[in-house]
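Good morning, everyone, and thank you for letting me take a few minutes. Please have a look at the sequence and the model, and then I will walk you through some of the details.

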Amino acid sequence: AMDENEICVNLYGSNKTKLNLSEVGEVSLSQKTDYPWDGKITITIDDVKPLKKGKNVKKQFTISPRIPEWSEDVEILVNGEPWELNRGNATWCYATIKRAWKKGDVISINMPMRTKLIESHPLVEENRGQVCVMRGPILYCIESPELNGTDMDDITIPTDATFTPVEMTMEGSRMIALETEAIVRQQADWKNTLYREVSRSEKKQKIRLIPYYAWGNRGKTDMTVWMPIK
C-alpha cells in the first residue's frame with residue numbers, strides 16, 4: 001500500500017492476497033490474467049472484513065492498478081461500468097479508483113497487445129535503418145532455428161508487416177511467438193569479391209520471432225534483435 005488506505009497493483013499475474021488497511025480492515029483480493037501474453041486482467045474483491053466496529057471505520061479505500069508506459073487505449077471497468085482514466089503528462093501512472101468497496105466487486109482492465117516496430121535515436125549509428133519488435137511489454141528477436149537455413153543477415157522486415165501471435169512451448173515453458181512474412185535478399189556468393197553492383201533479387205519468407213528472454217535454449221544459435229526495415 002502507498003498509504004494507509006491505498007492498495008497499489010504494480011505487477012499483473014494470477015494470484016490471491018490479503019492486506020490489512022489500518023483504517024478499513026482486512027481486504028482479500030484475487031487476480032486472474034494471462035499477462036504478459038494477454039492484456040486482460042480481472043481483480044476481484046473477495047472479502048472486506050472490518051478490524052473494528054463503530055462510526056470511525058472507513059468504508060472507502062483506493063485500489064491503484066499500474067498503467068504501463070507501453071500501453072495505449074486502456075479500458076477499465078468497475079462492476080461493468082467504465083472508469084475514467086486520466087494519464088496526464090506522465091509516461092506511466094496508476095489508475096486511482098477510490099470508492100466504498102464490497103465483497104464481489106470486480107475491476108476489469110484491458111490493455112490491447114498491439115505489436116509495434118520500434119526504432120532508436122538516429123545517433124545510435126549501429127541501429128540506423130533497423131527496427132526491433134515489441135508486443136505489449138515483451139521484446140522479440142529472431143533466432144536461427146526459426147529461419148530454415150536462411151542467413152539471418154539477409155532478413156528484412158517490411159514497414160507494413162503483419163504479426164500473428166502463435167502459442168509455442170520451449171523447454172516446457174509456454175510463450176507467445178510472432179509469425180510474419182519477411183523479405184529475404186538473395187545474394188550471389190561473395191567468394192573472391194570485395195565490391196559489386198547491388199542486386200535487387202529478393203523473395204518473401206515466413207519467419208517466427210520468439211521472446212528475447214527465451215533465446216539460447218536450443219544449442220548454439222545466432223540471434224538478433226535489430227533487423228533492417230524496408
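I will talk about the aromatic rings, then the charges over rings, and finally the cysteines.

This is a predicted model, in which local features need pLDDT of at least 70 and side-chain atom pairs count only at pLDDT 80 or more, while totals for chains, interfaces and linings use all residues. Residues are numbered from 1 along each chain as its sequence is written, and side-chain values use heavy atoms, with hydrogens and water left out.

The structure holds two aromatic pairs, where rings of Phe, Tyr and Trp (its six-membered ring) pair if their centres lie within 6.5 Å, and planes under 30 degrees apart count as stacked, over 60 as edge-to-face and the rest as tilted. Y12 and Y35 form an edge-to-face pair, with 5.6 Å from centre to centre and 70° between the planes. Both Y12 and Y35 are buried, meaning under 20% relative accessible area, whereas exposed is over 50% and partly exposed lies in between (1.4 Å probe, protein chains only). The rings of F61 and W101 have their centres 6.3 Å apart and their planes at 40°, so this pair is tilted.

W101 also has the charged end of R99 over its ring, 5.1 Å from the centre, and R196 sits likewise over the ring of W190, at 3.8 Å; here NZ of Lys or CZ of Arg must be within 6 Å of the ring centre and within 35 degrees of the ring normal.

How many disulfides are there? With a disulfide defined as a pair of cysteine sulfur atoms within 2.5 Å, the count is zero. The sulfur of C141 is 11 Å from the closest cysteine sulfur, in C132, which is too far for a bond.
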